[in-house]
Amino acid sequence: MQWSRLLAQIVKELLSLLRDPRARAILVLPPMLQLLIFSFAATLDVRNVTLAVYNEDTGAASQNLVADIQHASFVSEVMVVGDSQAQERLLERGSVLLAVHIPEDFSRNRLAGKPATVQVLLDGRRANAAQVALGYLQTIALGQSGTFEPVVLRHAFNPNLIYRWFVVPGLSGILSMFIALVVTALSISRERELGTFDQLLVSPTTPLEIIIAKCLPAVLVGYVMGTIMVTAAIVLFQVPFTGTLVWLAGALLLFILSVVGIGLMVSAIADTQQQAILGAFALGVPMILVSGFATPVENMPDVLQWVAQGVPLTHFLVIVQGSFMKALPADVISAHLWPMALTALFTLSGATIVVKSRLN
């Protein structure tokens, strides 16, 4: 390996990546906009809910319950109806998320110390939001009953259940993964489409030098953008950081390396930039789905759990989310570092073999 030749290749890759103002804007602006938009849009908090209430009871207890529902922070409008058919019509049209039916004996049972039941109809087409809103209603009903459970509930690491504390660190990993994946996927396919890849066939450049020259710019761009997003999570979104920056920085570097190896394999196989982009998204979206960002890995079938262990994003999400809110110990971080290192070794080796076969 000649260092001067390798340095020339790296400079060429950086110039081809950064000399176009539009390319620079695409690398910086969309990820930051996505971080800002997704941080507020990707939430399980339920707000501005419209409910229907059918109250057959005229007692004080039912009136107090309706008043508490109307003044709840998650409720924007309460539609009072006069019969159950009107409730069902509102649910069918999607005008309300929940429909509350208070029976005529509600207040009497409450005064007699008997169980006072309320029927709640949920819109199953919006099951997740309806279940969350139902939990809010149950909290209101518990306060109405005047009784309290003997267990005191406390949420560790996120006492107020601020959803951005969970989403923003995960988004920093997802968006930096896509940046590194797309930049690397376009590296060889761009040269092949422009015809400059043929020049490598007659040059003394070795496959290893090509791999290093293609990897370093993508690693640099992905690492810088990942660092910016982590900084934005701390400074802009005020997500508490309780871990060690050195461990997180090392994990981010290893994560970007493993993703770059995947992107380089895509780039070596693809013949055009369009194929490379489609291949990057064809791999990136499933990696997000099985990474545990949206649903716990433990809830997936055994086969997908095994697949998730081979996805670098699965392990980086554990590290980045734990570093922000939990202060993960070093042994736990190390347990998630070696799978990413193994993935990087496998993908980079595979990309080297593919590039060498193409050169031959």
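**The enclosed cavity and its surroundings**

Modeller: Happy to! The count of cavities of 30 Å³ or more comes to one. Please keep in mind that this is a predicted model. The space in this largest cavity is about 50 Å³. Its lining is made up of Glu13, Leu17, Val183, Ser187, Arg190, Lys214, Pro217 and Ala218. Sorted by class, the residues around the largest cavity are four nonpolar, one polar and three charged.

Now to an open space. The second largest pocket holds about 530 Å³. Its lining has 23 residues, and those closest to the pocket centre are Tyr163, Phe166, Phe293, Gln321 and Met325. Two or more lining residues come from each of α6 (127-145), α7 (163-194) and α13 (312-325). Helix α13 provides the largest share, with seven residues. By class, the lining of this pocket comprises 13 nonpolar residues, nine polar ones and one charged one. The chain is divided into domain 1, made of 3-42 and 162-359, and domain 2, which covers 49-144. Between the C-alpha centres of the two domains there are 47 Å. The unreviewed UniProt entry annotates residues 162-186, 218-239, 245-269, 276-294 and 337-355 as "transmembrane region". Two of these spans can be described further. Residues 218-239 are 82% helix and 0% strand, with their end C-alpha atoms 27 Å apart. For residues 276-294 the figures are 79% helix and 0% strand, and the end C-alpha atoms lie 26 Å apart.

Finally, a stop at helix α4, which spans residues 84-93 and has Ala86, Gln87, Leu90 and Leu91 as its buried residues. These four lie on the same side of α4, because they cover an arc of only 135 degrees around the axis. An α-helix has 3.6 residues a turn, so residues three or four places apart point the same way. On the face of α4 turned away from the buried side, you will find the exposed residues Glu92 and Arg93.

Terms used. Residues numbered from 1 in each chain as written. Predicted model: local features only at pLDDT ≥ 70, side-chain atom pairs only at ≥ 80, totals over all residues. Heavy atoms only, no water. UniProt positions renumbered as here; feature names shortened; annotations may be inferred. 1 Å grid on protein atoms, 1.4 Å probe; cavity = no way out; pocket = protein on both sides within 12 Å on 5 of 7 lines; lining within 4 Å. Points joined across faces, edges and corners; volume = space filled by probe spheres on them. Nonpolar A, V, L, I, M, F, W, Y, C, P; charged D, E, K, R; others polar. Domains from an automatic or database assignment. Buried < 20%, exposed > 50% of the residue type's maximum accessible area, 1.4 Å probe, protein only. Arc of directions from axis to C-beta.
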